Amino acid sequence: MSWQPSSWYAVALSRKLGAKPQRVMIDGRAFAIFRSGDALHCLTDRCPHRFAPLSLGKVVGDTIECPYHGWRFDGGGHCRAVPGLLEPVPNVAVPSHPVREQNGLIYVSPGDPRGEPYAGVLSGRDTVSTLVENRVRSTLVDVAENILDATHTHFTHSGILRGLSSRRYRIKVTVTGGDGWVEARYEGEPKQEGIISRLLEGERSISVGRFIAPGIAELEFWGRDRINLSTTFHLHQEDDEHVSGFGVLAGPLQGGLGYLKAVLFKPFFDIALRQDRSILNIARANKLPDSKPVVGRLDVLRPHIEAILRGERPAVADVPVEVMMEL
Ligand code: FES
Ligand SMILES: [Fe+2]
C-alpha cells in the first residue's frame, strides 16, 4: 500500500482548481480541496452531520457549505454556521489537512508531513517544466514500474521513445538504494533514435530511473555533464482500481530553447502516456484475480519497489546489484 499519512501527495493541477471545491482520493480516503480568496484548504470530504461529501457543496466566503443542510466549515474544519439555528453553532469540526501549492501542483498530506513536497531532481529558476496528468486502471507498483522500465520501450513506444530499428546496445545497469528509495543507473547507452530523444537530448551518457516512497517515479537523462531532461511522476493509488499521476517534465533553461523544447516535447509525451495507459489497462483487465507476475532478471526495480511499498528496506540498499543487458 502506498498509504503513508506523513507524506505529501500530489492530487491536482493548480489550474484545474477554480471556484468549485474538488474531491481527491488517496488510498480510498476522500478529501475536499477548495480555494477561498488566496487561501487553499483541504478537509476530510465528509460532513460530520449526515456525512454528505463537502466537495459537492460550494465555497461561501471563507467557508465550504455542505450540500445537504448547509452547515458551513472554515479552512480549519470548524463549523461556522448552521442555517436556521437560533443558538450558538455547535462545537463540531471536520478534520483539516496540510495542503501546498507548488510549481503548478496541489499537494495534500493526510497526516503530519515531514518537510515540503518533493519538487523533482530538476527544479528551480534555471529549469523549464511542463505538466501532464494521467489516470490509469492499475496498481501503484505496476505504474511506477512501467514508468521506470527500460525494456518495454522497444515495443510499447516503438518510434516515439525508440527508433523504428530494433537495434540494441549492451549496457550496464547498477541498482542501488536506501530507506524508502531505489534507483537503476544505465550506462553505455548511446543516444536513442526515437523522436523524443532527438528533440530533447544532446549526447546521452547515463540515464537513471528512481523510485522514492510513497509514489515518486523519476527518470533522469544525462548529457556530458548535466541532466538534459527529467520526468518526475507523483503517483498515488486513488482506490483499489485507479492510480493517479502528475508528471513534471523538466529541462535546463537554455536561453529560451528549453521552453520551446518543453512545448514541442509535450505532444509526444502525451502519446507515450496514452500508449502506456492502454497497455496497463489491457494487462490489468486480462489478469486473473490472484495470479502473481513473473519477475525476471531484467525487471531490476520491481522487487525493490514492492519491498519499499511494504515498508521494508530494499535489499540493494546493502548490496548493490549489477546487471548487463541489451537495451
Ligand atoms: S449532512 Fe452536511 S449539513 Fe447535514
Ligand atoms: Fe512507457
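Mentor: Start at His236, which lies in strand 16 (residues 227–237). Strands (E, at least two residues) and helices (H or I, at least four) are DSSP runs, numbered from the N terminus. This is a predicted model: local features need pLDDT of at least 70, side-chain atom pairs count only at pLDDT 80 or more, and totals for chains, interfaces and linings use all residues. Residues are numbered from 1 along each chain as its sequence is written, chains are lettered from A and ligands numbered from 1 in the order in which they are written, and side-chain values use heavy atoms, with hydrogens and water left out.

Trainee: Is His236 buried or exposed?

Mentor: Buried means under 20% relative accessible area, exposed means over 50%, and partly exposed is in between (1.4 Å probe, protein chains only). His236 has a relative accessible area of 2%, so it is buried.

Trainee: Which residues does His236 touch?

Mentor: A contact means heavy atoms within 4.5 Å. Leaving out residues up to four places away in sequence, His236 touches Tyr9, Ala10, Val11, Met25, Ile26, Leu140, His242, Val243 and Ser244. Look also at Val143. It is 93 residues from His236 in sequence, but 9.6 Å away in space, C-alpha to C-alpha.

Trainee: What do the buried residues of helix 5 pack against?

Mentor: They pack against helix 1, strand 12 (170–178), strand 13 (181–187) and strand 14 (206–212). Helix 5 (residues 302–309) is largely enclosed by the rest of the structure, because six of its eight residues are buried. Those six are Arg302, His304, Ile305, Ala307, Ile308 and Leu309. Just after helix 5, Gly311 takes a positive phi of about 85 degrees.

Trainee: Which residues have a positive phi although they are not glycines?

Mentor: Asp27 is one, at about 50 degrees. Asn103 is another, also at about 50 degrees. Asp27 sits in the loop between strand 2 (22–26) and strand 3 (29–36). Asn103 is in the loop between strand 9 (99–102) and strand 10 (105–108).

Trainee: Where is Pro214, and what is its peptide bond like?

Mentor: Pro214 lies in the loop between strand 14 and strand 15 (216–222). The bond from Ala213 to Pro214 is cis, with omega near 0 degrees.

Trainee: How many disulfides does the structure hold?

Mentor: A disulfide is a pair of cysteine sulfur atoms within 2.5 Å. The structure holds zero. For Cys42, the nearest cysteine sulfur is that of Cys47, 16 Å away. Cys42 is buried at 1% relative accessible area, and Cys47 is buried at 2%.

Trainee: How do I read the whole chain?

Mentor: Count the elements: five helices and 18 strands. Then check burial: 49% of the 327 residues are buried. Last, take the contacts between residues at least 6 apart in sequence: 59% join residues at least 24 apart.
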